[in-house]
Amino acid sequence: MPVTIRDVKVICTAPEGINLLVVRVDTSEPGLYGLGCGTFAYRHLAVKLVVEEYLKPLLVGRDAESIEELWQLMNQNGYWRNGPIENNAIAGVDMALWDIKGKLAKMPLYQLFGGKVREAVAVYRHADGNNLDELCANIQKYVDLGVKTIRVQCGGYGGGGYSHAPVGTPANAPDGVYLDSRKYISQTVKMIEGVRERFGDTIGIVHDVHERIAPPDAVRLAKALEPFNLTFLEDPVQLEQTEYIKRIRECSSIPIAEGELFNNPYEWRNLIQERLIDYIRVHITQIGGITPARKLQLFAEQYGVRTAWHGPGDMSPLAHAANIHIDIAARNFGVQEWSGIEPPNFVIQELRANHGALLDVFPGLPEYKDGYVYPNDKPGLGVDIDEEEAKKYPCRNDVTTWTQTRNYDGSLVTP
Ligand code: MG
């Protein structure tokens with residue numbers, strides 16, 4: 001008797017003020033269910049609707065073990081494919097089906113991916129500061145926790161918060177997050193030079209451009225940062241301008257990571273085949289879940305491109321766990337972004353206090369220790385949800401402001 005899908009439902013929760021979306025798939029086996037992440041924090045209601053109104057009627061009664069068949073079925077069912085809303089909806093179901101597969105096999109997911117090739121996953125953390133001293137103090141906190149690679153930024157991604165148009169903009173320029181690329185570029189070079197002077201070669205350094213500067217400026221920045229031995233420069237150009245990465249390659253040996261905005265295999269295929277990037281950095285739910293992420297990881301391995309999956313705060317612990325399961329079994333794993341969630345027994349009480357609500361809602365998060373994250377050995381993803389706790393933190397549907405990024409003439413620039 002095949003195990004069939006009995007119900008598909010969506011749970012939305014925001015324990016840290018960020019909208020998270022979880023898909024729960026229940027099966028014909030009493031008590032057997034799977035959980036997946038379909039978080040698109042800024043469009044969560046649209047993803048919820050796709051899961052409940054379109055995917056659930058498509059899936060109920062089908063064989064829960066046929067993951068590849070069901071992924072393709074979901075992907076082509078709306079005829080148009082590879083959009084972020086649909087991909088997140090599919091990812092939620094896909095991850096839940098892998099969770100069920102692991103529970104049926106009584107194995108953690110990494111075992112189904114071929115087993116461990118390493119004991120734990122090296123992670124990097126984010127340090128920020130308004131000036132070099134503040135930044136270095138924040139880096140030191142992570143160094144003291146054993147973190148070996150740090151993403152360093154001064155003042156976010158080269159802009160302040162959402163506000164009225166600052167001095168120097170045209171009359172009647174709209175509110176927004178205003179960016180000054182020239183200042184950002186010169187400050188970034190000084191900042192990274194300063195960090196290398198203070199810490200020597202004892203830490204790996206990552207810097208995220210967040211695709212906020214014009215492509216020719218990205219070429220210039222990459223060249224200027226070459227002497228500082230970065231682990232990688234992240235998203236130097238917009239996803240629509242990745243041809244410019246060729247120019248960066250021609251004038252600099254700086255390692256490049258790109259891809260957290262990718263949705264469609266066409267966006268990464270050429271970059272990997274031409275070895276124009278060193279790290280592929282997709283957001284696992286934006287590309288449709290574990291099934292396409294595993295294919296991508298194995299594809300990248302053929303070309304010597306390593307993985308550095310996106311691991312920000314706007315994804316749920318289920319997706320973080322999925323990243324870790326893939327990483328632990330991937331020969332071409334590079335480094336994993338880890339966004340500040342530690343398990344309840346973590347030694348630093350300050351950090352525990354900051355993330356207590358998230359951990360109450362999602363018990364079972366992989367454990368951080370001395371710069372590495374260890375998967376737990378529970379079957380499937382190993383992360384559960386406490387639905388009563390989740391209800392305490394309802395999602396909000398506000399107009400998103402941080403993406404309203406603008407040049408100093410008031411025109412929009414990608415965030
Ligand atoms: Mg990024």
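Residues are numbered from 1 along each chain as its sequence is written, and side-chain values use heavy atoms, with hydrogens and water left out. Because the model is predicted, local features need pLDDT of at least 70 and side-chain atom pairs count only at pLDDT 80 or more, whereas totals for chains, interfaces and linings use all residues.

Helices (H or I, at least four residues) and strands (E, at least two) are DSSP runs, numbered from the N terminus. Three strands, in the order β1-β2-β3, form an open sheet with antiparallel pairing; two strands are taken to pair if DSSP finds at least two bridges between them. From one strand to the next, the twist averages 20°. Between β2 (residues 20-27) and β3, the antiparallel pairing extends over five bridges, and Val 23 has Gly 36 in β3 as its bridge partner.

Two helices are placed against these strands. Helix α1 (residues 44-59) packs on the sheet and touches β1 and β2, with a direction that makes about 175° with that of β1. Contact here means heavy atoms within 4.5 Å, and axes are lines fitted to C-alpha atoms, for helices over the stretch in contact, with angles from 0 to 180 degrees between N-to-C directions. Helix α12 (residues 317-328) lies across β2 and β3 and runs at about 90° to β3.

His 44 belongs to helix α1. Its relative accessibility is 5%, so His 44 counts as buried; the classes are buried under 20% relative accessible area, exposed over 50% and partly exposed in between (1.4 Å probe, protein chains only). When residues up to four places away in sequence are not counted, His 44 touches Cys 12, Asn 19, Leu 21, Cys 395, Arg 396 and Asn 397. With Asn 19 there is also a polar contact between the two side chains, at 3.4 Å. A polar contact is a pair of N or O atoms within 3.5 Å; within protein, one must be able to donate a hydrogen and the other to accept it, and residues adjacent in sequence count only if both atoms are side-chain atoms.

Strand β7 (residues 204-208) has five of its five residues buried, so it is largely enclosed by the rest of the structure. Gly 204, Val 206 and Asp 208 point one way from β7, while Ile 205 and His 207 point the other way. In a regular strand the side chains alternate between the two faces of the sheet. Strand β5 (residues 149-154) runs parallel to β7 and is joined to it by three bridges, with Thr 149 opposite Gly 204. Three bridges also join β7 to β8 in parallel orientation, and Phe 232 in β8 is the bridge partner of Val 206. Together, β7, helix α8 (residues 215-225) and β8 make a right-handed β-α-β unit; a crossover is right-handed if, with the strands pointing away from the viewer, the path from the first strand over the helix to the second runs clockwise.

Two loop residues of this region have positive phi values. His 210, in the loop between β7 and α8, has phi near 60°, a positive value in a residue other than glycine. With 10% relative accessibility, His 210 counts as buried. Asn 229 lies in the loop between α8 and β8, and its phi is near 55°. Asn 229 is partly exposed, at a relative accessible area of 48%.

The magnesium ion is coordinated by Asp 208 (OD), Glu 234 (OE) and Glu 260 (OE) at 2.0 to 2.3 Å. Donors are N, O and S atoms within 2.8 Å of the metal (3.2 Å for Na, K and Ca), and sites may look incomplete because water is not among the atoms. In sequence, the donor residues are spaced D-x25-E-x25-E. Glu 234 in strand β8 (residues 232-234) and Glu 260 in the loop between β9 (256-258) and α10 (265-273) are 26 residues apart, and the pair links distant parts of the chain. Glu 234 counts as buried at 0% relative accessibility, and Glu 260 counts as buried at 11%.
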